[in-house]
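Hi everyone, and thanks for coming. Please have the viewer open, and let's walk through this one together.

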Amino acid sequence: MNSFTGFNRRDFIKTAAALGALSFAPYASAMGKKPPIGRVVVIGGGYAGTSAAKYIRMWSMGSIEVVVIERSPQFISCPLSNLVLGGSQQINDLTFSYDLLKKSHGIQWVQDSVIAINTDAKKVTMQRGDITYDRLIVAPGVDFIYDSLPQLQTAEAQKQIPHAWKAGWQTVYLRQQLEAMPDGGVFVMTIPKAPYRCPPGPYERVCQVAHYLKNHKPNSKIIVLDANAEIVSKKGLFTKVWANTYTGMIDYRHDSAVVSVDVRTKTVSTEFEQIKADVLNVIPPQRAGKPAQMANLLESDYPWCEVDFLSYESEKVPNVHVIGDSVASGLPKSAHMATSQARVCASAIVELMQGRAPDPAPVFANTCYSFVDDKQAMHVANVYRYDAAKKIMVSADGGGVSLAPSDKEGAYAKAWAHNIWSDILT
């Protein structure tokens, strides 16, 4: 077992010890203290879910029972996972235990999968049992839409054509395919229509793949098929890097949505052309995660969840809160944004469960770093304030974007990652 930034990291392919019979005796009662004032169940142990669970326990001074349901035995960070493709990080560098978070804050933890949610009965059904709640937080990240690409739905197809848009085994498979690709081969990546998780993420991935190929397979090419009309984040910065650092390697094609994929031949088709790849990375369109769908939280004509931005309570279902990538906010679906929303939600729940009103004017920030090689990074940052008239979070003074990538920003980016990991997991 290795140690990293003050907490344990285990090999991500190890399985956790089997959980015994489910038991949800109130934590405070078990400790001989006053019984809790209520129970909050959190579905999802990613950036949003872990943050909300921790801060509810802290800010309620342990008076609210918190149960997290997460099917993965360990936390694997999507931020920095593109560096695994570039070769400067390993997946184990981004894989951490939940143990300190659970022990430090008295959070009850269930490693299981949610199979149904009854919001009328305030009940969550898992594979091995049920649990009731007073308030529910749904933080499931994104779900991938395969309606137009059904041939990619199976695990076997995703081994051959991994999206790697959730860090883990698919990231490792994609890296292995790059290593096996011959010099002079073609790497093809597709980008879905926005919104999707991490707006600059696909363009950072292009840089990381280009960095690896430039150093190890310099005769290879990258073709980017973007369903959007243009690069949706840090356009000027990415365009300069591609032109100056990876000259002649990257063929970027906008308005190129994928309509079909031949898994066997690794051929992708758009409305205009067919392209055969040596390595094919199809990032599917996305929507709110499956638990949000189970609870009927999505809008009928939009695949995300509308919320009250003072509490992140669903606009459709009372006592259910949605945070992270599943939120319909018009704001970036980033890790930093997820933790910011989680803290606003946690504060509001603590107030609501004690009969008080939430903060009427929340403010938070968001920063997205992107690495262009193994050392240099660049960022975009924004501050957001609640607009009482519009009832949404709007951009405010205090943001900015890098003039150019640099080693210094690369160091800042890694420090940002270490700090946010420490915050959510200890």
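First, some ground rules. This is a predicted model, so to speak: local features need pLDDT of at least 70, side-chain atom pairs count only at pLDDT 80 or more, and totals for chains, interfaces and linings use all residues. Residues are numbered from 1 along each chain as its sequence is written, and side-chain values use heavy atoms, with hydrogens and water left out.

Let's start with the sheet. Strands of a sheet pair through backbone hydrogen bonds, either parallel or antiparallel. Here, three strands make an open sheet in the order 16-17-18, with antiparallel pairing. Helices (H or I, at least four residues) and strands (E, at least two) are DSSP runs, numbered from the N terminus, and two strands pair if DSSP finds at least two bridges between them. Which strands stand at the edges? They are strand 16 (258-262) and strand 18 (274-276); each has a single partner strand, so one side of each is left without a neighbour in the sheet. From one strand to the next, the twist averages 20°. Strand 17, residues 267-270, is joined to strand 18 by three bridges, and Val-268 has Ile-275 in strand 18 as its bridge partner.

Now the helices. Two packed helices are described by the angle between their axes and the distance between the axes. Helix 10 (residues 335-352) and helix 11 (residues 407-425) have axes that come within 12 Å and cross at roughly 35°. Axes here are lines fitted to C-alpha atoms, for helices over the stretch in contact, and angles run from 0 to 180 degrees between N-to-C directions. The crossing of helix 10 and helix 11 is left-handed, meaning the near helix is turned anticlockwise from the far one by less than a right angle; clockwise would be right-handed. On the helix 10 side, Ala-335, His-336, Thr-339 and Arg-343 meet Trp-416, Ile-420, Asp-423 and Ile-424 of helix 11, where contact means heavy atoms within 4.5 Å.

Side chains of opposite charge can pair when their charged atoms come close. We call it a salt bridge when a side-chain nitrogen of Lys or Arg is within 4 Å of a carboxyl oxygen of Asp or Glu. How many does the whole structure hold? The search finds 16 salt bridges. One of them links Lys-54 to Asp-423, with the closest N and O atoms 3.4 Å apart. Lys-54 lies in helix 2 (residues 47-59) and Asp-423 in helix 11, so the pair ties together parts that are 369 residues apart in sequence. Is Lys-54 buried or exposed? Lys-54 is buried, at 8% relative accessible area; buried means under 20%, exposed over 50%, and partly exposed in between, using a 1.4 Å probe and protein chains only. Another salt bridge joins Lys-375 and Asp-374, at 3.2 Å from N to O, and Asp-374 is partly exposed, at 24%. Salt bridges with shared partners also put Lys-54, Arg-343 and Asp-423 into one network.

Last stop: Gln-208, in helix 7 (residues 201-216). Gln-208 counts as buried, at 0% relative accessibility. Leaving aside residues up to four places away in sequence, the contacts of Gln-208 include Asn-82, Leu-83 and Phe-371. Helix 7 also pairs up with helix 6 (residues 169-180): their axes come within 11 Å and cross at roughly 35°, in a right-handed crossing.
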